[in-house]
Amino acid sequence: MDPQAAGRVAEDYVTLIWKASEWPHGQATTTGLADRLGVTPSTVSANLKKLTRDGLITYRPYGPIRLTEAGEALAVTVVRRHRLIETYLVNCLGLRWDQVHHEADLLEHAVSDLVLARMDEALGHPERDPHGDPIPQPDGTVPPTEAAPLTALPPGKSARVMRVSDRHPEVLRYLSTLNITVGTPITVLEHLPAAGIVRITTPTGTADISSTAAHDIRAEILPPSADPT
Ligand SMILES: [Zn+2]
């Protein structure tokens with residue numbers, strides 16, 4: 001593999017490992033990485049061994065996959081690039097929120113520090129991307145997010161959408177048709193696990209969404225004072 005391609009692979013792996021740990025109890029696994037990258041678990045194992053040799057992760061077969069300090073620093077840099085690029089593509093170039101993840105995946109490996117700094121400036125140094133994901137700051141700190149998936153939200157509590165996973169563009173497109181985006185007030189009416197749906201209300205009405213979509217949406221419960229009911 002040429003060094004440039006090897007660099008991309010390293011960046012993709014450390015980023016996915018970092019993102020897995022962004023949520024409570026999140027942990028990257030060989031099968032999870034294989035699924036996300038569309039490769040076999042044995043390819044993942046071989047690459048994890050290489051990343052271990054390169055000092056980016058600590059890993060033993062069947063053990064936990066952890067980033068080293070160097071791996072963490074690389075991941076935070078790439079995630080910052082990815083999320084700033086997504087924000088730039090939406091805010092400055094008018095792309096939709098379901099279009100930008102794939103574009104950012106390509107550009108995150110190529111963008112220079114100079115161009116990235118200018119994008120950051122043009123955007124006014126944002127802390128969140130169009131999906132509500134926190135953008136790591138230049139010093140490596142990550143703006144905190146307290147939000148739970150809709151699947152875990154108790155029925156009847158007023159909440160607000162804080163983040164929507166950018167992993168499933170078709171879910172993002174469907175949510176757009178329901179006028180659901182980051183900041184939308186939302187209430188879970190009922191969990192219907194047997195039907196695989198969650199019934200919600202939004203300012204534009206009641207809707208049934210799939211458990212997958214509900215899992216992709218993270219919301220914070222609003223304090224009772226902000227609760228209109
Ligand atoms: Zn993305």
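My entries follow, starting with the ground rules and then the metal site.

**Ground rules**

I am working with a predicted model, in which local features need pLDDT of at least 70, side-chain atom pairs count only at pLDDT 80 or more, and totals for chains, interfaces and linings use all residues. I number residues from 1 along each chain as its sequence is written, and side-chain values use heavy atoms, with hydrogens and water left out.

**The zinc site**

Which residues coordinate the zinc ion? I found His82 (NE2), Glu86 (OE), His101 (ND1) and Asp166 (OD), at 1.9 to 2.1 Å. I take donors to be N, O and S atoms within 2.8 Å of the metal (3.2 Å for Na, K and Ca), and since water is not among the atoms, sites may look incomplete.

The angles among the four donor atoms run from 91 to 157°, and the site is irregular. For the record, four donors count as tetrahedral if all angles lie between 85 and 135 degrees; four count as square planar and six as octahedral if opposite donors are over 155 degrees apart and all others between 65 and 115; anything else is irregular.

Along the chain, I read the donor spacing as H-x3-E-x14-H-x64-D. Glu86 sits in helix H4 (residues 69-91) and Asp166 in the loop between strand S4 (158-164) and helix H7 (169-177), so this pair ties together parts that are 80 residues apart in sequence. My helices (H or I, at least four residues) and strands (E, at least two) are DSSP runs, numbered from the N terminus.

I also checked burial: Glu86 and Asp166 are both buried. Here buried means under 20% relative accessible area, exposed over 50%, and partly exposed in between (1.4 Å probe, protein chains only).

Next I turned to helix packing. Two packed helices are described by the angle between their axes and the distance between the axes. My axes are lines fitted to C-alpha atoms, for helices over the stretch in contact, with angles from 0 to 180 degrees between N-to-C directions.

How do the axes of H4 and helix H5 (residues 100-107) cross? They come within 9 Å and cross at roughly 130°. That makes H4 oblique to H5. Angles under 35 degrees count as roughly parallel, over 145 as roughly antiparallel, 65 to 115 as roughly perpendicular and the rest as oblique.

Among the residues that meet here are His82 and Glu86 in H4 and His101 in H5.

For helix H1 (residues 3-20) and H4, I have axes that come within 8 Å and cross at roughly 90°. H1 and H4 are therefore roughly perpendicular to each other. The contact (heavy atoms within 4.5 Å) includes Glu11, Val14 and Trp18 of H1 and Leu74, Val78 and Arg81 of H4.

Leu74 is partly exposed, with a relative accessible area of 22%. Not counting residues up to four places away in sequence, Leu74 touches Glu11, Val14 and Leu56. Leu56 is 18 residues from Leu74 in sequence, with 8.4 Å between their C-alpha atoms.

**H2 and H3**

Helix H2 (residues 30-37) and helix H3 (residues 41-53) have axes that come within 8 Å and cross at roughly 110°. That makes H2 roughly perpendicular to H3. I list Thr30, Leu33 and Ala34 of H2 against Pro41, Val44, Ser45 and Leu48 of H3.

**Around S4**

Setting aside residues up to four places away in sequence, its contacts include Ile180, Val182, Ile186 and Ile217.

Ser165, in the loop between S4 and H7, counts as partly exposed at 23% relative accessibility. Beyond its neighbours within four places in sequence, Ser165 is in contact with Leu172 and Asp216.

**Positive phi**

Most residues other than glycine have a negative phi. Tyr62 has a positive phi near 70°, lies in the loop between strand S1 (57-58) and strand S2 (66-67), and is exposed at 89% relative accessible area. Asn179 also has a positive phi, about 60°, and I found Asn179 in the loop between H7 and strand S5 (185-192).
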